[in-house]
Amino acid sequence: ALAVVLMAALAYLGFKVEAIVQPPLLTVSSPADELLTDRPLLTVAGQAQPGSAIAINGQEVLADEQGRFSTPLDLQVGVNVITITARKNHGQETVVQRRVVLQSENR
């Protein structure tokens, strides 16, 4: 019986350690990669693992309790590389990049 309890405790600790060392989940719902637009204001939105710190191009963004975030972003004419980062307290991070092209008005 003691061996069973010990094995269960070790399995539980293994799952907890794995959850700590794995990078956080991050899903970016907007914008799509390789988006072509003529609008200079774009909404960046998605969801990360709750409790993760979210940053877009290095600027911290607030998320709700479920990890959902949404923020406007000004684009420059040409190719814009948008880097979305979710970071756990222990430093593990997930990075997603999107490339968005803002067309100039004088085409």
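1. Strands here are DSSP runs of E with at least two residues, and helices are runs of H or I with at least four, numbered from the N terminus. Please keep in mind that this is a predicted model, where local features need pLDDT of at least 70, side-chain atom pairs count only at pLDDT 80 or more, and totals for chains, interfaces and linings use all residues. Residues are numbered from 1 along each chain as its sequence is written, and side-chain values use heavy atoms, without hydrogens and water.

2. Now the strands. E4 (residues 53-56) runs antiparallel to E7 (residues 78-87), and four bridges join them; pairing requires that DSSP finds at least two bridges. E4 is also antiparallel to E5 (residues 59-61), through three bridges, with Ile56 opposite Gln59.

3. Look at the turn next. Two residues lie between E4 and E5 in their hairpin, and Asn57 in this turn has a positive phi of about 50°.

4. Which residues have the most contacts inside the largest nonpolar core? They are Leu26, Val44, Ile56, Phe69, Ile82 and Ile84, in a core of 17 residues. Such a core is a set of buried Ala, Val, Leu, Ile, Met, Phe, Trp, Tyr and Cys residues joined through side-chain atoms within 4.5 Å, where buried means under 20% relative accessible area (1.4 Å probe, protein chains only).

5. Finally, the neighbours of Ile56. Leaving aside those within four places in sequence, Ile56 is in contact (heavy atoms within 4.5 Å) with Val44, Val61, Phe69, Thr71, Ile82, Thr83 and Ile84.

Terms used. Buried means under 20% relative accessible area, exposed over 50%, partly exposed in between (1.4 Å probe, protein chains only).
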